[in-house]
Amino acid sequence: MPLVNAKEMERKALEGHYAVGAFNINNLEWTKAILLTAQELKSPVMLGVSEGACKYMTGYKVVADMVKAMMETLNITVPVALHLDHGTYEGAKKALAAGFTSVMFDGSHYPLEENLAKTKEIVTIANFLGATVEAEVGTIGGEEDGVVGMGEVADPEECLTLKETGIDMLAAGIGNIHGKYPANWKGLQFDALAAIKEKIGDFPLVLHGGTGIPEDQIKKAISLGVTKINVNTECQLYFQEATRKYIEAGKDLEGKGYDPRKLLAPGFEGIKEIVKIKMEMFGSVGKAE
């Protein structure tokens with residue numbers, strides 16, 4: 001199955017009251033683990049790629065070609081969207097040109113009028129190429145590949161204005177942050193989310209910083225219109241922990257345990273484990289059947 005944009009999977013998620021996981025990929029192991037898990041669970045999925053990860057993997061086209069070839073070779077039949085996460089204005093255009101089927105243009109750090117103007121330009125390009133666009137208002141707390149947000153809560157009026165640019169998904173800050181949540185985190189601000197939903201109606205909302213948010217808060221967010229949840233840090237942590245155990249047990253010193261195919265295997269299985277947990281939590285399992 002070829003890559004798809006996110007429009008249909010987001011529409012179905014909104015109607016079915018579940019969320020599609022957007023799992024960031026960082027290399028071949030990440031990509032393969034997420035695709036195989038999505039296929040096994042019959043779940044739609046979005047592969048998120050930050051600009052930093054694209055650079056690490058030597059470019060947008062390399063990433064797009066790898067994902068397409070892997071899907072063909074693995075006979076992936078569930079809907080898969082390749083999505084640029086927290087893209088700059090130039091990065092979003094490069095990703096679309098390389099074959100990404102969805103992009104997030106993060107103009108949240110611009111004044112609102114400039115954010116709107118740049119978002120409209122990206123929407124025009126994406127529409128021509130059959131891709132979908134996510135935009136952000138009210139920055140997400142924490143840091144994501146050098147993009148630092150202070151965790152502002154989105155203004156419902158600004159959300160409506162941004163929606164009217166023609167975007168397909170809206171990331172609105174509601175107290176969520178990137179990375180690990182601190183012990184004194186106060187939780188998601190559901191009154192803010194409810195106010196946004198009341199203003200913009202039934203429209204796909206995106207929850208960034210999906211790592212570590214309690215399951216009851218995840219499910220309440222979904223009930224209020226969240227249809228896409230981003231997960232990155234948790235995959236990294238599961239990969240790190242499994243790799244650490246392998247090395248601390250001395251497995252890399254046994255036979256050819258140093259072979260990267262063996263060395264990376266536990267982390268690969270760790271990613272599959274957390275992706276399965278998240279897909280079950282988000283309610284997307286079986287939705288691609």
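Guide: Start with the radius of gyration, which is taken over C-alpha atoms; the globule rule is 2.2 Å times the number of residues to the power 0.38. For 289 residues a compact globule would have a radius near 19 Å, and the 18 Å of the protein chain agrees with that. The C-alpha trace spans about 60 × 45 × 35 Å along its principal axes.

Visitor: What kind of model is this?

Guide: This is a predicted model, in which local features need pLDDT of at least 70 and side-chain atom pairs count only at pLDDT 80 or more, while totals for chains, interfaces and linings use all residues. Residues are numbered from 1 along each chain as its sequence is written, and side-chain values use heavy atoms, with hydrogens and water left out.

Visitor: How many helices and strands does the protein chain have?

Guide: Helices (H or I, at least four residues) and strands (E, at least two) are DSSP runs, numbered from the N terminus. The protein chain has 12 helices and 10 strands.

Visitor: What share of the residues counts as buried?

Guide: Buried means under 20% relative accessible area, exposed over 50%, and partly exposed in between, with a 1.4 Å probe and protein chains only. Here 56% of the 289 residues count as buried.

Visitor: How many disulfides are there?

Guide: A disulfide is a pair of cysteine sulfur atoms within 2.5 Å. By this rule the count is zero. Cys 54 is in no disulfide, and the nearest cysteine sulfur, that of Cys 235, is 17 Å away. Cys 54 is buried, at 1% relative accessible area, and Cys 159 is buried at 0%.

Visitor: How many aromatic pairs does the structure hold?

Guide: Rings of Phe, Tyr and Trp (its six-membered ring) pair if their centres lie within 6.5 Å; planes under 30 degrees apart count as stacked, over 60 as edge-to-face and the rest as tilted. The structure holds four such pairs. One of them is Tyr 60 with Phe 100, edge-to-face, at 6.0 Å centre to centre and 70° between the planes. Tyr 60 lies in helix α4 and Phe 100 in the loop between α5 and β4, so the pair ties together parts 40 residues apart in sequence.

Visitor: Which residue has its charged end over the ring of Tyr 89?

Guide: A charge sits over a ring if NZ of Lys or CZ of Arg is within 6 Å of the ring centre and within 35 degrees of the ring normal. The charged end of Lys 118 sits over Tyr 89, 5.5 Å from the ring centre. Lys 118 also lies over the face of Tyr 110, at 5.0 Å. Tyr 89 and Tyr 110 form one aromatic cluster with Phe 105.
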